[in-house]
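Here is a friendly walk through one protein model, written for reading alongside the structure. Have the viewer open and follow along.

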Amino acid sequence: MSLLLMVVASLLFTLLESSRYLMFGMMAVINSQTVTESMFAEYNVPAFKNYHLFLMDSGSGSGELLLSKINAKMQELGQENLNPSVKGFGRYQNFLQMNVTDSSVIRYEIASDRNAEPLLAQAAQVMKQEIGADLLEQAYQKITNVEDSCEKGEQTDQYLDGALDTLEQAKKAEEAKKAEEARKAEEAALKVKSVQQGFEAVRKAQRVQNAVQVVSKTVCNDWNPVNKTAVCKRINTDFISDTPVEESKIEIDHPMEDVKSAKSSPLLSQILSDGESISAKQIEKGDALDQRTLHTGNYESSDAVKLLDKMLVIQYLKKYTSNYRNSVALPHALKYEQEYILFGKYADEDNLKKMAGRLLLLREGINFTYLMSDSVKKEEALVMATAIAAAAAVPVAVKPIQMGLLASWAYAESIVELRTLFSGGKIAAAKTAESWTVSLPESAAVLFRPSVKSKTVSGGLCYEDFLQAFLALESNSKIGIRFANLLEKNLRLYAGYEQIKLDCMLTAMETNSKYHAQQAFLTFVTIQRLSKNGYQYEETYEFSYLGREDSS
């Protein structure tokens, strides 16, 4: 009977110990997951509240990457989960006691890794829940053909310079020609002087025509045809006529010189009115993420950001960052944040200058292309070019001068368009005769009249539309690292976060935890433990703010 009881007891305790062993394994898995996710629950509050981004600061505001601190905290938290201390009752006892012998981070991803790719991925994820595919399509349509128009805008400078160079060469040639004629006329005058007295006597005795023939024959036969023409003209002018005849000089007003001068003057002064101020904010260059050596994680690189994700990122930047025409009610180190992300200058004014220059180049290309397609405006430029070429005595330069006039015209139209954009208006994406503002004769005048703006088009493009178009053409790497730098500088404006660094903030990590538990029920059967080492467990768990999760 006692043997039977022993067998039954052994079977019962063995089953209990087996269940206990399985429970330890489940507890190890659950604890590893719970502890890892609990660490990520301590995200940076300003980053989430203002930008909907999850970032776990490994240095707790110290600006240092402290993985050892994370390891210690995970082990402490895991141990408390498995063996909680209950105040007033000592240590809580149960049959499922297990200890955490080690916790460590074996892989981790930092927010600034791969030019802040983790940040861009989170930004795209945020916008997937807020924006529809139709809105993305509309945004994409607005940015097409931007690169081609910018290239054509660069060509307008060549046309203008070519026309002005042609006129300058014609001017120099004319001055050289006049100098040569003056020299030859002076030589002729010396020869004429010797026969002047005889000429006066003949003039009194004979008719004027006979005097011309006699003197011309006497004086001109000894000179070459070029000199003969000059001298005979001098004789007829100075000695036959009572009133000298002077050639009339025709000067044609044109905008090319003024446009060339305007191109070398500050652009913002041409497009902003006196009442519009420019932000003086700037950030320190030496502490920027793209200027210092960064901590890096050991996660493998993920796939490149696709076009759809990039469009989502641009929409994210539109909503959560500011620009010249739209201020976001958040503390920010720079006022023109999107312009900084696009151009990377460390002062607001410098980024705004770059934006104005890029816009001007784009609009010059669009406007010049339209002028080349408008036969009426081309003919108007041709008429003026013909008159300019005739006045400069360079009839073969009509075509280059016409192109220079069209380039100047496109520049003037672009300036008034920029004034409209920077003041909050909209302009036509593609020009038509109805949306054209500046006439050719007033091309130069409008450059000095800041109040003159282009026609506003209700369904046109605004400043922000062009800004998004330029961002779409910028590389993901530049957008990412500049946004990360901007985010870091903005987060430092909050109390308690003055020293934080983006390259110390984690967005994903894989942890490894080791556990130990003692045997319990088998001791009642064998009187001694089967294994003094007890049970050993090891679990890894991966967590990412993007939802990447795996366990083993």
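## The chain as a whole

Among contacts (heavy atoms within 4.5 Å) between residues at least 6 apart in sequence, 79% join residues at least 24 apart. The model is a predicted one, in which local features need pLDDT of at least 70 and side-chain atom pairs count only at pLDDT 80 or more, while totals for chains, interfaces and linings use all residues. Residues are numbered from 1 along each chain as its sequence is written, and side-chain values use heavy atoms, with hydrogens and water left out.

The protein chain holds 18 helices and five strands; these are DSSP runs numbered from the N terminus, helices being H or I with at least four residues and strands E with at least two. Of its 552 residues, 45% are buried. Buried means under 20% relative accessible area, exposed over 50%, and partly exposed in between, using a 1.4 Å probe and protein chains only.

## Strands around β3

Take a look at β3 (residues 505-517), where 12 of the 13 residues are buried. Strands are said to pair if DSSP finds at least two bridges between them. β3 runs antiparallel to β4, joined to it by 10 bridges. Along this pairing, A517 sits opposite Y535, and K514 has E538 as its bridge partner. β4 (residues 535-544) is mostly covered too, with seven of its 10 residues buried.

β3 also pairs with β2 (residues 99-110), in the antiparallel sense and over 10 bridges; here N99 partners H516. Two bridges join β3 to β1 (residues 56-57), again antiparallel, and D57 stands opposite M505.

## Where α4 meets α17

Next, find α4 (residues 113-128) and α17 (residues 476-491), whose axes lie 7 Å apart at an angle of about 75°. The two helices are therefore roughly perpendicular, a term for angles of 65 to 115 degrees. Axes are lines fitted to C-alpha atoms over the stretch in contact, with angles from 0 to 180 degrees between N-to-C directions. On the α4 side, N115, A116, L119 and L120 make the contact, and the α17 residues include I479, F483 and L487.

α17 itself is mostly covered, with 13 of 16 residues buried.

## A buried glutamate

Finally, E413 lies in α15 (residues 398-422). E413 counts as buried because its relative accessibility is 0%. Beyond neighbours within four places in sequence, E413 contacts N367, K431, S435, W436, T437 and V438.

Terms used:
Parallel < 35°, antiparallel > 145°, perpendicular 65-115°, else oblique.
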